[in-house]
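Please examine the sequence and the structure shown here. The briefing below them is arranged by topic for a reader who is new to both.

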Amino acid sequence: MTISQRLHQIRQQLPSHVRLIAVTKQVSVPQIRTAYESGIRDFAESHLQEAISKQEQLNDLKDICWHFIGHLQSNKAKKTILHFDWIHSADSIKIVRRLNQLAAESFLSPKVCLQVKILSDPNKYGWKEEELFAGLSELENCKSLKIKGLMTILPLGLSEVEILATFKKVKDLAHKIKRQSNLDLDQLSMGMSEDYLLAIQAGATMIRLGRIIFGKRG
Ligand SMILES: *Cc1c(COP(=O)(O)O)cnc(C)c1O
């Protein structure tokens, strides 16, 4: 199947409130153009240098919305907010502080998701639930960021039942935070190629799909 056929098939399964983000790490510029021509406007990258190089080659496409989904390093935070509309992977108070300061200095207001880690996973970054609650008042004061929601990546090897339950916990967590703060966490960025249908079932508003659109990477 071609990229546009795959996209067509995926779109037929999506409720209208779910935003489909094409993850283009290790995907070539011509393939990205094909996805664009098939109607995709949201693209995600996880490595800053790779992203900037592709953005330069695609700068004739003015209406792309770029999403950053990789681990953010403090020393690259400034470039990241300059090159991306959304940052899904704000995974600690330290990086949120830094983003807020840089956004203020640059007169930008990037949209941000807080990456949470519901199950412990040594391979993943993210806020634990208790860290998030401890940081709430500081998060409320990050006036230069538009903190829009929660993002999660699940550990490998879970059953479908566990996947669904964990995504639901992320949704419950967002509700709990909304009740206890003035943060407006309406977005849930969760679901990848293997688990997006379960994520949608649990309330995802943004899904991040790579391989199921573009085929196996590398
Ligand atoms: C690579 C990646 C994806 C896409 O994963 P696929 O399995 O290719 O769909 C989604 N989210 C993040 C954070 C990623 O790094």
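This is a predicted model: local features need pLDDT of at least 70, side-chain atom pairs count only at pLDDT 80 or more; totals for chains, interfaces and linings use all residues.

Residues are numbered from 1 along each chain as its sequence is written, and side-chain values use heavy atoms, with hydrogens and water left out.

**Ligand site**

- A backbone N or O atom of G210 is 2.9 Å from an oxygen atom of the ligand.
- The side chain of R211 has an N or O atom 2.7 Å from a ligand oxygen atom, and a polar side-chain atom of R217 lies 2.8 Å from an oxygen atom of the ligand.
- On its own the ligand has 380 Å² of accessible area, of which the protein covers 93% (Shrake-Rupley method, 1.4 Å probe).

**Residue S193**

- S193 belongs to the loop between β7 (187-189) and α9 (196-201); helices (H or I, at least four residues) and strands (E, at least two) are DSSP runs, numbered from the N terminus.
- With a relative accessible area of 13%, S193 is buried (under 20%; exposed is over 50%, partly exposed in between; 1.4 Å probe, protein chains only).
- The side chain of S193 reaches the backbone nitrogen of I212 at 3.0 Å, and one of its polar atoms lies 3.4 Å from the backbone nitrogen of R211.

**Nonpolar cores**

- A nonpolar core is a set of buried Ala, Val, Leu, Ile, Met, Phe, Trp, Tyr and Cys residues joined through side-chain atoms within 4.5 Å.
- The largest nonpolar core has 66 residues, and L114 and L150 have the most contacts inside it.
- Helix α8 (residues 160-180) contributes the largest share of this core, seven residues.
- Another core, of nine residues, lies apart from it and includes V23, A44, I69 and C113.

**Helix α3**

- The buried residues of helix α3 (residues 48-57) are L48, A51, I52, K54 and Q55.
- They lie on the same side of α3 because they cover an arc of only 165° around the axis, taken from the directions from the helix axis to the C-beta atoms.
- Their cover includes α2 (29-37), β2 (42-45), β3 (65-68) and α4 (77-83).

Conventions: Contact means heavy atoms within 4.5 Å. A polar contact is a pair of N or O atoms within 3.5 Å; within protein, one must be able to donate a hydrogen and the other to accept it, and residues adjacent in sequence count only if both atoms are side-chain atoms.
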